[in-house]
There are 2 protein chains.
Amino acid sequence: MRELKNEYDVVILAAGDFPTNETAIHILRTAKHLIACDGAVEELLRMGIEPEVIVGDGDSVSTATKVKYQSIFHTIVEQEDNDLTKATKYALQYFALKGQPTFCFLGTTGKREDHTLGNIALLLHYYKCLNIVPTMVTNYGWFTVSQGKTTFASFPHQQVSVFQIGGKCLESEGLKWELYPFSELWQGTLNEAIEYSFTINSDSTYLVYQTHKPKEYGLE
Amino acid sequence: MRELKNEYDVVILAAGDFPTNETAIHILRTAKHLIACDGAVEELLRMGIEPEVIVGDGDSVSTATKVKYQSIFHTIVEQEDNDLTKATKYALQYFALKGQPTFCFLGTTGKREDHTLGNIALLLHYYKCLNIVPTMVTNYGWFTVSQGKTTFASFPHQQVSVFQIGGKCLESEGLKWELYPFSELWQGTLNEAIEYSFTINSDSTYLVYQTHKPKEYGLE
């Protein structure tokens, strides 16, 4: 059963909207390996959290911070990848990770919409090409990537969107509207879980978005 | 030359992040035809702006507002389309629009990321299937849709992203990194305009994102 966990092998904080959701903050505070993109560092330090590594060109960081944390500052000049990808590749290269490691990405949405769109699309790329299990937790919900038949933990009336294009088979059990092979990204939005789990089956990779539990259902 | 205009045949306000950008607010205040999705109405009214039509199921509106504005409230029960598409189809059906009308979409991003992603993808759908020219203005930039060879007004160092998948030809002049036919959405992000215009050529439809002018370049 796929569910939103509290623990991941690696947590990466990007410079989008800073996490305010309870689960996201818990993940940030208890991370085994925490990498921060440099645009997010100052706010992270104000929360009293020190990352293991800072990735970026240092443009968005004060000189004081840069001097104090120079030993963990990792500058990658290469232009092809964005900071999220640089951080992910750093983790895969320098941390002793085993098997198919789990990654949680925080602060990756909000602000510029092209970054949001790019970061969401990168999840599929990381899953397929870097062999990691990515979860992106935002202040409104979370994205996971899967393929084949997967059952997802949910709650009644949880809002669910499924993004996939070009697969020949896409089907579901336990969602209010049955999935079908989509030809456009918007077709999989605005679905809803009926009970405490739903199952998706597909011949291809897909992205699932589930909203956080509203407070009336209890603690997040 | 494609540029961000102040005037559109139809302006539609959705229930994402409310416009704070100067251009977006100007477009909202001076709209010829303004349709508001019901989740955005209360904030619109607080600004002293009355829409021509309100589209939605009325769930997110107070009884007082619903009673006062019942003559312009247009309820569409159908589940297939989201409120943005319902509003767009309403405009095409009831306003006397000529040729290929221009639509400006506001308040369509921020908050739930599945809505953001769905709304951005819908721009391509509206362009191809509803024969309109859509522009989506957010608080950080704007999206436009085009095909073939198009020149876009820009400014030096404007951040530009181009989204397209599956075209055989995608090329550019005047961007810092030359475009090439992308296989994934993230590949077209993080580009930059060199001068006051750039040109894109493609055999297929594409989405262009350009950031708003920072204040140091003068008024937006």
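Residues 141-209 of chain A have end C-alpha atoms that lie 7 Å apart, and the span is 0% helix and 54% strand, where helices (H or I, at least four residues) and strands (E, at least two) are DSSP runs numbered from the N terminus. This is a predicted model, in which local features need pLDDT of at least 70 and side-chain atom pairs count only at pLDDT 80 or more, while totals for chains, interfaces and linings use all residues. Residues are numbered from 1 along each chain as its sequence is written, chains are lettered from A and ligands numbered from 1 in the order in which they are written, and side-chain values use heavy atoms, with hydrogens and water left out.

**Annotated spans and domains of chain A**

- UniProt, in an unreviewed entry, places the feature "domain: Thiamin pyrophosphokinase-like substrate-binding" at residues 141-209 of chain A; such positions are given in the numbering used here, feature names are shortened, and annotations may be inferred rather than shown by experiment.
- The feature "domain: Thiamin pyrophosphokinase catalytic" is placed by UniProt, also from an unreviewed entry, at residues 27-128 of chain A, a span that is 45% helix and 14% strand, with end C-alpha atoms 24 Å apart.
- The domain assignment of chain A gives domain 1 (10-140) and domain 2 (148-214), with bounds that come from an automatic or database domain assignment.
- The C-alpha centres of domain 1 of chain A and domain 2 of chain A lie 27 Å apart, and their contact (heavy atoms within 4.5 Å) takes 10 residues from domain 1 and 6 residues from domain 2.

**Relation of the two chains**

- Chain B can be laid on chain A with an RMSD of 0.0 Å by a turn of 180° and a shift of 0.0 Å along the axis, the copies being superposed by least squares on the C-alpha atoms of residues with pLDDT of at least 70 in both.
- The two copies are thus related as by a two-fold rotation axis, and in chain B the C-alpha nearest that axis belongs to Gly110(B), at 3.0 Å.
- Because 100% of the interface residues of chain B are also interface residues in chain A, the copies meet through the same surface.

- In helix α1 (residues 22-29) of chain B, the residues Thr23(B), Ala24(B), Ile27(B) and Leu28(B) are buried, where buried means under 20% relative accessible area, exposed over 50%, and partly exposed in between (1.4 Å probe, protein chains only).
- These residues lie on the same side of α1(B) because they cover an arc of only 140° around the axis, the arc being that of the directions from the helix axis to the C-beta atoms.
- Among the elements that cover the buried residues of α1(B) are β1 (10-13), β2 (34-37), α2 (38-46), β5 (102-106) and β6 (133-137) of chain B.
- Asn21(B) caps the N-terminal end of α1(B), with a side-chain oxygen 3.0 Å from the backbone nitrogen of Thr23(B).
- In chain A, Asn21(A) lies in the loop between β1 (10-13) and α1 (22-29) and is buried, with a relative accessible area of 5%.
- Ala15(A) also has its place in the loop between β1 and α1 of chain A, but at 39% relative accessibility Ala15(A) counts as partly exposed.
- Leaving out residues up to four places away in sequence, Ala15(A) touches Gly39(A), Ala40(A), Gly107(A) and Lys111(A).
- Ala15(A) and Leu106(A) are 91 residues apart in sequence, yet 8.8 Å apart in space, C-alpha to C-alpha.

**Thr138(B) and its partners**

- Thr138(B), found in the loop between β6 and β7 (141-153) of chain B, counts as buried at 4% relative accessibility.
- The side chain of Thr138(B) makes a polar contact with the side chain of Glu113(A) at 2.9 Å; a polar contact is a pair of N or O atoms within 3.5 Å, of which, within protein, one must be able to donate a hydrogen and the other to accept it, and residues adjacent in sequence count only if both atoms are side-chain atoms.
- A polar atom of the side chain of Thr138(B) also lies 3.0 Å from the backbone nitrogen of Tyr140(B).
- Apart from neighbours within four places in sequence, Thr138(B) is in contact with Glu113(A), Asn21(B), Thr109(B), Tyr209(B) and His212(B).

**Positive phi values in chain B**

- Lys111(B), in the loop between β5 and α5 (113-129) of chain B, has a phi near 55°, a positive value in a residue other than glycine.
- Leu190(B), in the loop between β9 (170-173) and β10 (191-192) of chain B, has a phi near 65° and is partly exposed, with a relative accessible area of 29%.
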